[in-house]
Amino acid sequence: MSSMSTLTMGYGALLTALGVGGFAATSAPTALIPAGFGVVAIGLGLLARQERYRMHAMHASAMVGVLGFLGSARGLAQLPTLLSGGDVARPPAVIAQSVMAVLSAGYVALCVRSFITARRAAART
């Protein structure tokens with residue numbers, strides 16, 4: 001069993017919880033967007049547990065992470081204003097986007113590290 005597949009499912013679970021929690025707090029349907037990314041990540045993590053699909057599933061899950069970051073990074077730009085007591089439209093959205101951006105950036109960094117490690121290991125054999 002791949003540790004990256006487990007990490008991918010954990011990333012997906014966190015995004016799903018973020019989306020469901022955001023929806024419960026705001027009743028805004030757009031709050032469920034992180035949950036959509038999370039469900040896809042969980043599915044790819046499960047698929048990556050099968051050896052023949054692992055490489056493709058992990059590359060696809062890294063792309064989910066990149067898209068998740070790009071789609072939510074604007075929240076990070078508004079976060080300093082929110083934290084300093086400034087006025088932003090939809091503060092819960094800024095918080096959720098910021099959390100998703102940080103989770104996604106961290107996940108992508110771990111994917112890249114894993115890909116480099118796998119490439120080096122393959123080159124040695």
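Predicted model: local features only at pLDDT ≥ 70, side-chain atom pairs only at ≥ 80, totals over all residues.
I started with arginine 54, which counts as partly exposed because its relative accessibility is 21% (buried means under 20% relative accessible area, exposed over 50%, partly exposed in between, with a 1.4 Å probe and protein chains only). Residues are numbered from 1 along each chain as its sequence is written, and side-chain values use heavy atoms, with hydrogens and water left out.

Next I looked up the partner of arginine 54: a salt bridge joins it to glutamate 51, with the closest N and O atoms 2.6 Å apart (a side-chain nitrogen of Lys or Arg within 4 Å of a carboxyl oxygen of Asp or Glu). The structure holds one salt bridge. Glutamate 51 is exposed, at 59% relative accessible area.

Then I turned to helix α3, residues 54–83 (helices are DSSP runs of H or I, at least four residues, numbered from the N terminus). Its 30 residues should span 44 Å at 1.5 Å a residue, and the end C-alpha atoms are 40 Å apart, which agrees (the expected span is 1.5 Å times one less than the number of residues).

Which residues of α3 are buried? I noted Ala57, Met58, Gly65, Gly68 and Ser72 among them. Their cover includes α1 (3–26), α2 (33–47) and α4 (91–124) (contact means heavy atoms within 4.5 Å).

Last, I checked leucine 67, which lies in α3 and counts as partly exposed at 46% relative accessibility. Just after α3, I found glycine 85 with a positive phi of about 90 degrees.

Technical notes:
Helix = DSSP H or I, 4+ residues; strand = E, 2+ residues; numbered from the N terminus.
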